[in-house]
Structure formats: C-alpha cells, structure tokens
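Student: I am new to this structure. Please pick one part, look at it closely, and then show me what lies beyond it.

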Amino acid sequence: MVISVASGKGGTGKTLVATSLALSLKDNQKVTLLDCDVEEPNAHVFLKPVFTSSEAVSIPVPKVDKEKCTRCGRCAEVCAYNAIAVLGEHVLTFPQLCHGCGSCSYLCPEEAITEEPREAGVVEWGRADGLEFVHGKLAIGEAMAPPVIRRVKQSADNQGTVIIDVPPGTSCPVVEAVRGSDFCLLVTEPTPFGLSDLILAVEMLRELNIPCGVVLNRAGVGDDKVEEYCRKENIPVLLTIPLDTDIARLYSKGVPLVEGMPEWKGSFRKLFDRIGEIVDERNRSLKR
Ligand code: SF4
Ligand code: SF4
C-alpha cells in the first residue's frame with residue numbers, strides 16, 4: 001500500500017506524521033519512507049538514516065546547432081513552457097524553464113537540436129532504524145522538482161508499505177508526489193489558514209481520484225471549522241494530535257513523536273488499520 005502524507009500548507013506537522021507512521025509499522029512489515037519534499041527534505045533529521053548510495057538527477061535540455069538551424073520557429077511553437085524562442089537570427093534557450101520533454105528536438109525539421117543534461121538535484125538511498133529510506137534534494141536555485149520526485153518514487157519496489165512525505169501546497173510537485181497513491185493523509189491544523197489550504201488539497205485529490213482522510217494536528221489551537229468541513233464533505237478525521245508543549249519540544253529537537261512518546265505508536269497503528277479498511281472498502285465498491 002502506498003500512503004502519501006500531504007498538507008495544503010507548510011508547517012502543519014506532515015513530517016511528524018509521516019515519520020511516526022513509518023516507525024510505528026516497521027516492526028511488523030517492510031516500510032519504505034520516500035521524502036519527496038525535495039525543496040526542503042527534513043525527514044532525515046528525524047530518522048537519521050545511514051546513506052549508502054546517491055545519484056544525480058538531470059533534465060535533458062536543448063542545445064541548438066546554429067549551422068543547421070534555419071530559424072523556422074517550429075521549436076518555439078511546440079514548447080509549452082516558453083523555454084525556447086526564436087528572435088530574428090537567434091534561437092534562445094531558457095534551461096531553467098525547460099521540462100526536458102524532448103518535443104523541440106523531436107520536431108525540429110533540420111535535426112538542429114541535440115540534448116544536454118542539466119543537473120536538477122540528487123537522490124540518496126539509505127536505511128534508518130529498520131526502515132528503507134530515500135529522499136531527493138533539489139539543486140540550489142532549481143525550480144523543476146518533478147523529475148527529482150519521479151526518481152525518488154521509482155525507488156519504491158511495491159513491497160510492504162510505502163509512505164511518501166509530499167511537498168506542501170497543491171502545485172505540480174505535489175501532484176507528482178501523490179499520483180498513484182492508494183490513500184492520502186492530509187495533515188492540517190484547526191485554523192482558518194489550515195481550513196482554506198485543506199479545501200484546496202481535497203479538491204486536488206478528488207481530481208486525481210485518490211481517497212483521503214485528515215490528521216488534525218495542534219488540536220485546541222483554533223476553532224472547529226475544519227471538523228465541520230470534514231463532516232460536511234464526508235472526509236474522515238482519522239487522528240487528532242493535541243497542541244502540546246512536550247510534542248513541540250520533541251519536534252524542535254528532531255526526535256520523532258513515537259520515539260519520544262512511545263504511547264503514540266498504538267494510535268498510529270490504528271490509523272494505518274483504518275486506512276487499510278477504507279482502501280479495501282473502496283476497492284470492493286469499485287469492483288461492484
Ligand atoms: S525548429 Fe530547429 S531549425 Fe527551426 S528554429 Fe528551432 S532549432 Fe532552428
Ligand atoms: S525540451 Fe520541451 S520544455 Fe524543453 S525547450 Fe524543448 S520543448 Fe520546451
């Protein structure tokens with residue numbers, strides 16, 4: 001089962017939930033944690049993995065042969081990202097905008113475009129306290145997160161449980177990270193900002209047809225509008241974590257919640273069982 005852990009906004013406790021869920025399950029099954037929050041990966045701070053290998057991830061960007069190019073403009077026409085432009089006698093490329101789709105080189109009538117790799121980031125593999133651990137790190141100044149996320153996700157071998165720490169928000173990297181998940185846990189807090197971003201995240205998951213449930217973190221800090229919304233939209237609130245200075249202290253020291261407070265392990269195991277039931281129920285109803 002692939003469970004992604006996402007949040008409409010940053011700082012809601014997404015990594016706290018992903019790491020604690022992984023650590024609560026690892027004694028009974030194979031668990032792989034993929035940190036796809038490649039702009040700011042921080043699961044390693046909590047899990048302290050020993051890395052055994054790494055690989056650079058690159059994007060193939062176009063290189064134009066001026067001798068062969070006739071300035072016909074076909075490449076600029078087909079590029080959906082405005083990463084290549086023909087201005088008079090010049091063909092300009094903007095590697096930072098290029099998604100490496102290959103359309104320009106494939107469709108250039110003069111075969112004037114070759115591709116050269118541009119490094120977008122790095123993926124590292126390791127083990128952490130009985131867990132398989134993989135994370136991606138975007139190169140400084142790099143905006144193209146999806147290729148790095150895709151490479152991290154290719155590491156999952158579909159055995160046991162895979163937990164994905166998703167980037168915050170609802171943009172392309174988030175879609176790339178949650179795509180293909182059996183279930184998505186949305187971590188939020190009971191505040192107006194938490195609710196507004198939760199609504200966007202739910203809409204995104206409905207478009208992707210991925211079932212979801214909510215983890216309410218820092219409960220007690222705001223109002224009950226998030227619970228009201230979940231009731232109205234039929235979204236289960238699967239776990240509530242209170243606003244608690246001891247939990248905050250552990251987090252600030254980089255100690256996973258279930259390590260500092262092992263009594264939480266049972267709650268995370270129950271959370272996992274409930275997710276399993278929801279996924280099974282859904283699969284059964286899809287078969288009918
Ligand atoms: S499609 Fe090829 S020939 Fe035409 S402008 Fe682009 S690089 Fe030059
Ligand atoms: S590879 Fe794709 S995204 Fe990059 S410049 Fe060519 S058409 Fe545009």
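Tutor: Start at a bridge: in β10, cysteine 212 is the partner of cysteine 184. The model is predicted, so local features need pLDDT of at least 70 and side-chain atom pairs count only at pLDDT 80 or more, while totals for chains, interfaces and linings use all residues. Residues are numbered from 1 along each chain as its sequence is written, chains are lettered from A and ligands numbered from 1 in the order in which they are written, and side-chain values use heavy atoms, leaving out hydrogens and water.

Now the strand. β9 and β10 pair in the parallel sense over 5 bridges. Two strands pair if DSSP finds at least two bridges between them. Strands (E, at least two residues) and helices (H or I, at least four) are DSSP runs, numbered from the N terminus. Of the 8 residues of β10, 6 are buried, so the rest of the structure largely encloses this strand. Buried means under 20% relative accessible area, exposed means over 50%, and partly exposed lies in between (1.4 Å probe, protein chains only).

Asparagine 217 is buried, because its relative accessible area is 5%. Its contacts (heavy atoms within 4.5 Å) include Thr12, Gly13, Val187 and Ile241, not counting residues up to four places away in sequence. Arginine 218 is partly exposed, at 27% relative accessibility. Its phi is positive, about 55 degrees, although it is not a glycine. Most residues other than glycine have a negative phi.

An α-helix has 3.6 residues a turn, so residues three or four places apart point the same way. Asparagine 209 follows α7, with a positive phi near 60 degrees.

Beyond this part, look at charged pairs. The structure holds 18 salt bridges, each a side-chain nitrogen of Lys or Arg within 4 Å of a carboxyl oxygen of Asp or Glu. Lysine 26 forms one with aspartate 129, the closest N and O atoms being 3.7 Å apart. Lysine 26 is in the loop between α1 (14-25) and β2 (31-35), and aspartate 129 in the loop between β6 (113-128) and β7 (131-138), so this pair ties together parts 103 residues apart in sequence. Aspartate 129 is partly exposed, with a relative accessible area of 48%. Glutamate 142 and arginine 118 meet in another salt bridge, 2.3 Å from N to O. Glutamate 142 lies in the loop between β7 and α5 (146-153) and arginine 118 in β6, so the pair ties parts 24 residues apart in sequence. Both glutamate 142 and arginine 118 are buried. Lys14, Asp37 and Asp165 are linked in a network of salt bridges.
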